[in-house]
Every structure is written in C-alpha cells, then in structure tokens.
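Please open the structure in your viewer and keep the selection tool at hand. The stops below say what to select next and what is there.

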Amino acid sequence: MRRYRIISQAIFLVLLLSLFIFTRSSTNNNIFTKATYFLYFDPYIAISYTLASKKIITVLLLCITTIVLTAILGRIFCGWVCPLGTLNDLIGLLNRSKSEVIKKNHLRYKYYILLFSLGLALTGINISGFIDPLSIIIRSFTIIIYPLLNLTFHSFYEIFTYLFSDSELPPRIYTFLRDYIIENHRVYFFQSILIGTIFIVILFANLIMKRFWCKYMCPLGALLGIIGRYSILKKEIGECRDCNLCQMECSGGAISISKSDEIPSECILCMNCTNICPDEAISFRISGKSGKGAIDLGKRNTLISISSSILFYSLFRSSITSSSNFSSARLIRPPGAIREDLFVRSCIKCGLCMKVCINNCIQPTLFEAGFEGMWTPYIVPRINYCEYNCNLCSQVCPTDAIRKITVEEKHRIKIGTAQIDKNRCLPYRDGIGCLVCEEVCPVPDKAIKREKTGVQINNETRYVLVPRVVSSLCIGCGVCEKHCPVNDSPAIYVTSAGESRSKENQNYLE
Amino acid sequence: MKRREFLQNSILTIGGLMVGKNLLSDEANPDLVVVKGSNINSMVDSAFKYLGGIKSFIKKGDIVVIKPNIGWDRSPEYAANTNPFLVSALVKACFEAGAKSVKVFDHTVNNPQRCYKNSGIKDEAEKYGATVTYIDESRFKEVNIKGEKLKSWPVYKDVLEADKVINVPVAKTHGIARLTLGIKNLMGVIGGSRRRLHQDIDQSLADLTLVIKPTITVLDAIRILTANGPTGGDLKDVKQLNTIVIGRDMVAVDAFGCTFFGIDSKDIGYIMACHKMGTGRSDLNNLKIKRIEL
C-alpha cells in the first residue's frame with residue numbers, strides 16, 4: 001500500500017506543477033487550464049472564505065468531496081494528495097535521525113491555529129491564505145520558484161547566444177520552452193525573499209522533524225483531523241511484538257507514545273506502518289466501531305485560541321488602511337477587483353493572478369493594504385502596465401476577489417487615474433516635445449489629449465504640445481507611466497483615485 | 001570594431017548600388033507606384049512589375065527582413081498594425097524571387113506575443129514560410145550614426161546583417177510626429193530608450209535614415225487610421241483606401257503618404273529633415289508616380 005501512496009503523491013505533485021505551469025497564456029485570453037482547480041478542493045479555504053465574507057461560492061462547494069473522502073478514509077488528503085506534504089516527505093528523506101521524540105502536546109498547536117484563524121474569519125479577517133498549505137505552495141512557486149526558473153533559463157540562453165552569436169535562429173527547444181513553459185521576459189516580484197524564506201523554513205523544518213509543518217502547524221491538516229477521527233476506515237493491529245518500528249516510521253505522529261495510545265486524527269494513512277511491520281500485523285479495514293477520538297485540546301486552551309482572535313481583530317484593524325474613508329494612492333487593484341473591504345476578506349494570497357499576468361505588473365503588497373492584506377495583488381505600473389485586452393487575472397482567481405470579467409467589461413473598468421506632475425513633465429518643464437504618454441494611451445478616444453500651451457523658458461514663451469489627462473476617459477492602465485521618459489519618479493503616474501470599485505475614492509461630483 | 005566597419009561598409013555599398021540603379025534605369029521606371037485594388041497579392045505583383053519585377057530587388061539566396069508595424073495589441077481592422085495579408089503577400093513574393101529566408105519582426109510597444117498574434121501577422125507570415133521572431137534584447141548592436149542629433153544608437157542586428165530590408169509601414173496619425181509612415185516605422189528596429197527620441201522626433205528619425213536604408217518601402221494604405229493614432233481602437237477613425245504605395249525611396253513614399261491625410265509633406269518635420277539631409281526626396285511634383293487601378 002505504501003507504494004500506491006507514493007505513486008499517488010507523485011501524480012498529484014506533477015498534476016499541481018503542470019496545472020501551475022499551464023496557468024498562462026501568451027497570445028490570447030484563453031487559458032488551457034489553471035491551478036485554481038486545486039484550491040477548489042480545499043475545505044479550509046472554503047470555510048474561512050465563507051465565514052469571513054458571509055457568502056458562498058458554488059465552485060468552492062467542491063471541497064465537500066474532500067470532506068466526504070476524509071469522513072470515509074481519514075486524512076488521506078494529507079498523506080496521498082497534498083503537494084506540500086509530498087515536498088515535506090521529499091525533504092524529509094534528508095533527515096536520517098531514527099528516533100524522533102514527538103511530544104503529544106505539540107500536536108495540538110495546529111488545532112489552536114485552526115481555531116484562531118476561524119475565529120478571526122468570523123470577525124471578517126481571512127488569514128487562511130497565509131497558512132493554507134495549497135496557498136503556500138502556489139504562492140511560493142509563483143513568487144520565488146518560477147522567477148528563478150525563468151532567470152536560469154534566460155541566463156542559459158544568454159550564455160548560449162554569447163557562445164554561438166552567429167546562430168540565425170534561437171534553438172527549437174528555446175522557442176518551445178518560451179512559448180509553453182517559461183515567460184518570454186524575465187519575471188520579478190516584490191517580497192520574493194520573504195515568501196521564499198518562509199517556504200524554505202517550512203521545507204527544512206523537516207530536518208528537525210519529518211513533516212514538522214503537517215504535524216504541528218497545518219490548519220488544513222487540523223480541520224481534516226477533526227473530520228477524519230470519525231472515519232470508517234480504521235487501523236487494526238493483530239499480534240504485536242512491541243518492536244516499535246511502526247512508531248518510528250509514522251509520518252503523522254499518530255503513534256506518538258505507543259501503539260496502544262494511538263490518535264486516529266493524526267493518522268495520514270502513509271502506510272509506513274503496514275509496510276514496516278515485520279509480522280504484517282497492521283491493516284486498515286472498514287469498520288463501524290467508534291474511534292478512540294482525537295487529541296484532547298483542553299477546554300481552557302480552546303477558549304483562549306478562539307477568544308484571542310477577538311484581540312487580534314483589533315490589532316489587525318488598528319491600521320488606517322482598514323478605514324473605508326482612507327484610500328491608498330498606489331494601491332491599484334487589478335481590474336475586476338471587488339470593493340476593498342470585501343477584497344481583503346476574499347483574497348487568499350495564492351498569487352495565481354501574479355503568475356498569469358502577461359506583463360508581470362501584478363505584485364504582492366507588503367503593508368500597503370494593512371497587515372491582513374499582505375501579499376494581496378496590486379499593480380505597479382512603473383514595473384509594467386495592465387495590458388488593455390487582457391483579463392487573465394480575473395479568470396484564475398479562486399475566490400472571485402477579482403471577479404470574472406469579459407474583455408469588453410474590462411475596457412470600461414477604471415482601476416485608477418493618471419496624474420501629471422507638471423514640475424517633472426518635459427514639455428511643461430523644458431518646453432520640449434515628448435507626448436509618449438499620449439502615443440501609447442490605448443483608450444480608443446484617447447484619455448490623454450495634446451494641447452498647445454505657452455511655456456515660459458528664459459523669459460520667452462515657447463509654444464509646445466503638452467499632455468492633459470481626461471479623468472473621465474482614463475482607465476488607469478498605467479501604460480503612460482511605464483513609458484514616461486522621465487526616469488526614477490515618472491512625470492505621469494497612476495493613483496487609485498476614481499477606481500470604479502469604490503464609492504468613496506472619487507474626486508468628482510456625479 | 002572591424003565587424004562594425006564591415007557592416008557600415010556593406011550598408012553603404014547597398015545604398016550606393018540603389019542610387020546607381022536609379023540613375024541607370026530607363027525613363028519609364030517610376031519612383032513610386034501607387035496601386036489601388038481589392039486583391040492584395042495582385043496589387044503587390046503589379047506594383048513590382050512596374051518597378052522592374054521583384055527579382056530586381058530580391059536575389060537568389062538573399063536573407064530578407066520584412067519590417068511591418070506590429071506595435072500594438074489590435075486586430076487588423078483597426079489599422080493600428082500593418083495589414084497581415086500585405087505582409088504575407090510580400091513574404092510569398094520574396095520566396096518566389098529565391099530568397100533564402102525571410103524574417104519578420106517588430107519592436108512592439110504592447111506585449112509582443114499579444115501583438116504578433118492579434119495583428120494576424122505571425123500566423124499569416126508563418127503560413128508562407130517566414131521566420132517570425134520576437135525581439136531579443138541581446139541582438140541590438142550600437143551603430144555609429146554621426147547624425148545631427150543621434151551620434152550612435154543600438155540597431156537590431158538582423159536588420160544590419162540582412163541582404164535586403166523591406167519596410168512595410170501602415171499609414172496612421174501620430175501625436176508628436178503628426179503622421180507615422182515609413183520613416184517612423186524604423187523605430188521598430190532600434191533599441192535603447194526609444195521614448196527619448198520624442199524630444200526631437202524629426203531630427204532623430206532623419207538621423208536614423210542615415211544608417212537604416214530599406215531596399216524598398218511598401219506603405220500600407222489599405223486601411224488608414226485618421227485619428228487617435230498610432231493606437232486607434234475605434235473603427236470610426238479607420239478609412240478604407242485599398243491602396244498601397246511602393247518605392248525605393250522611403251522619403252518619397254512618406255511624402256506621398258501625407259496626401260492620404262490631406263497634409264502637405266512640407267508640414268511633416270521629419271520628411272523635411274530627411275529631404276534636407278539628402279537621404280531621400282519629398283518633391284512629389286518632380287517624381288515619376290505611376291498610378292494603377294486594378
């Protein structure tokens with residue numbers, strides 16, 4: 001059985017990787033497939049989302065599959081499916097220490113984390129994205145692994161062209177990779193060091209304890225443990241010599257003290273015990289008998305973890321960004337993003353919108369949207385602008401924080417407004433020609449108009465064409481900011497004012 | 001440095017040959033051919049016929065660069081990019097004349113993959129065997145221009161090394177340059193901080209014509225963009241003229257292109273700058289223009 005478990009893990013890891021890689025579209029708006037599907041089956045995300053936003057998304061009901069499966073078989077998701085668990089197992093191979101001492105009490109931490117986060121979700125703060133294993137793995141792939149892959153690929157290509165500079169054409173393997181796997185351009189993300197470090201810490205915690213994350217921290221594992229303790233599939237132990245081999249091999253910490261003190265909620269069905277048992281005494285059978293129950297969390301601790309979420313609620317909301325009257329100028333959300341307060345409740349920081357963005361303009365925030373909004377997506381036009389005919393980010397969002405929009409709809413959505421700094425704009429400042437912003441403006445009735453204006457230069461009036469932004473036409477895509485020749489701080493830049501999704505963040509009467 | 005000198009020499013030689021050819025050609029050989037019609041393939045064929053046949057431009061074994069305008073993520077009907085069927089007609093003509101390979105590319109402003117696809121140019125050109133590649137930043141080579149404004153500027157290697165270059169612009173309005181035609185289309189083969197050229201667009205473009213000398217320029221006026229250029233996006237601004245203008249002299253083609261917009265070429269700064277520098281002629285009255293209607 002252990003062999004089948006490993007095969008299943010490999011299949012799901014490859015599945016996630018391929019879904020992740022194919023969450024892209026280079027030439028049009030059709031995505032072949034998307035890694036979002038994985039997130040639909042995550043009950044922790046679904047419950048947190050529903051509690052926080054008081055809404056139900058139909059596709060997230062797919063997570064009932066996982067719940068039913070867990071009710072029948074136990075935490076099979078953790079042992080056989082979860083890609084982060086698989087990575088943990090892989091890194092765990094490096095951990096050669098035989099006797100790991102599991103403190104039974106430590107296994108409780110993940111339940112406290114779960115209760116704490118669900119308590120917070122009730123108050124409207126959704127932190128599931130930070131700690132959900134699927135969200136962690138997809139975000140880490142997007143923000144750190146994939147850009148590194150890109151960098152390596154482009155560096156190799158540069159070396160190749162340097163060595164064989166006379167080659168007429170890029171090699172076929174290059175064009176294939178570029179068209180289907182890698183981006184044509186380099187990809188960069190803010191927060192990559194932070195997100196990468198967390199990912200590495202989670203993975204290398206396996207050197208302290210195999211599946212450290214799964215045993216002590218994972219809130220999804222805790223949720224499935226609560227359901228899984230009632231599972232029908234039960235472990236049965238026959239004649240036993242108390243060799244304790246099974247205890248040493250146990251991935252979940254279910255056999256933490258001795259085989260007689262087993263905790264079904266911690267069993268992830270890794271099948272190491274059935275495999276290692278010299279007498280083949282361990283087997284899993286469907287049985288109606290009631291299980292032995294789960295870890296005793298303790299009434300006091302349970303209460304503390306739920307009630308502390310109230311305390312943290314105030315802490316999270318102490319930031320000015322959570323005030324509806326405050327709008328952060330550079331917090332430009334992708335087109336289709338819903339109202340800011342709902343957006344922060346819905347977004348699970350999986351980073352797929354950043355992965356799929358063809359221009360690499362969507363970046364993870366740090367504290368621009370408050371602490372609860374960390375790693376949510378925002379557009380940084382100076383890095384790149386939002387492509388006029390693209391709506392890919394809205395297609396991949398698992399929780400509709402960026403709602404589904406058509407390209408025609410997108411053309412009408414205003415994500416901000418371009419502002420001109422006349423002190424830096426070259427025609428205004430120096431009386432010379434420029435108007436690059438006007439040239440690149442994609443709105444059919446250009447949102448940047450050119451006007452002849454007299455500019456005083458050395459006591460003479462020079463008549464030059466200057467740009468003027470028509471706020472009602474501008475959609476805030478930021479292509480003007482991207483291409484403005486004024487370096488460092490551009491003379492034209494987008495701020496969030498006027499964004500369609502907000503009632504408050506408006507400058508004009510109407 | 002040797003390589004650069006060689007490139008410059010070869011460009012000068014090609015340029016010299018072109019001038020020589022013009023002097024030798026007989027009286028009937030027109031400077032510009034303007035073709036109006038509905039079938040793009042036959043428009044291209046008959047235009048070349050009056051210029052001495054495609055074979056007088058493209059020799060067997062030539063490596064040809066076709067440079068359309070693919071700058072924007074717009075579909076063909078918006079006239080923001082060169083007509084894809086005009087590009088493919090030229091690709092076909094080049095291969096029929098014996099070209100070894102035909103490369104098609106442009107330094108796009110919008111996302112390159114989107115532009116290549118949505119313009120229809122990648123699919124159409126590849127159908128007839130052209131090599132359509134995205135711009136590779138490492139292939140720009142600094143070229144000594146010694147112009148009035150531009151002393152040196154990075155130019156795409158493939159253009160410098162090509163045997164023949166066919167410039168295929170689309171006729172559009174443009175904010176700072178007023179019109180974008182053949183000369184402005186050269187901005188798609190240069191690298192560097194192109195946006196800075198806007199500060200003296202007329203002289204910068206004229207300087208580029210010192211080093212980038214297309215063998216032939218084919219102006220796409222099948223659809224022209226009459227307002228909100230060069231991006232467009234509104235079909236109201238598009239005018240269907242079903243016309244192409246072909247000539248050896250890019251400046252002359254541009255001067256003629258102005259007439260589509262009712263603009264005098266004397267009002268277009270870069271055309272005048274080119275005329276002054278002698279990289280081409282804009283005095284339409286003294287040019288032999290052959291007009292055909294199919």
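Predicted model: local features only at pLDDT ≥ 70, side-chain atom pairs only at ≥ 80, totals over all residues.

Residues are numbered from 1 along each chain as its sequence is written, chains are lettered from A and ligands numbered from 1 in the order in which they are written, and side-chain values use heavy atoms, with hydrogens and water left out.

**Two helices of chain B**

Select residues 201-211 of chain B, which form helix H8, together with residues 269-277 of chain B, which form helix H10; helices here are DSSP runs (H or I, at least four residues), numbered from the N terminus. They pack at an angle of about 45°, with their axes 8 Å apart, and H8(B) and H10(B) are therefore oblique to each other. The axes are lines fitted to C-alpha atoms over the stretch in contact, and angles run from 0 to 180 degrees between N-to-C directions.

**A second pair in chain B**

Next, select helix H2 (residues 40-50) and helix H3 (residues 84-96) of chain B, which pack at an angle of about 50° with their axes 9 Å apart. That angle makes H2(B) oblique to H3(B). On the H2(B) side the contact includes B:Val44 and B:Phe48, and on the H3(B) side it includes B:Leu86 and B:Lys92.

**An arginine in a loop of chain A**

Now move to A:Arg108, in the loop between helix H6 (83-92) and helix H7 (109-122) of chain A. Is A:Arg108 buried or exposed? A:Arg108 is buried, with a relative accessible area of 18%, where buried means under 20%, exposed over 50% and partly exposed in between, using a 1.4 Å probe and protein chains only. Leaving aside neighbours within four places in sequence, A:Arg108 is in contact with A:Ile295, A:Asp296, A:Leu297 and A:Asn301.

A:Cys347 is in no disulfide, and the nearest cysteine sulfur, that of A:Cys353, is 6.5 Å away. A:Cys347 is buried, with a relative accessible area of 7%.

Conventions. Disulfide = S-S within 2.5 Å. Parallel < 35°, antiparallel > 145°, perpendicular 65-115°, else oblique. Contact = heavy atoms within 4.5 Å.
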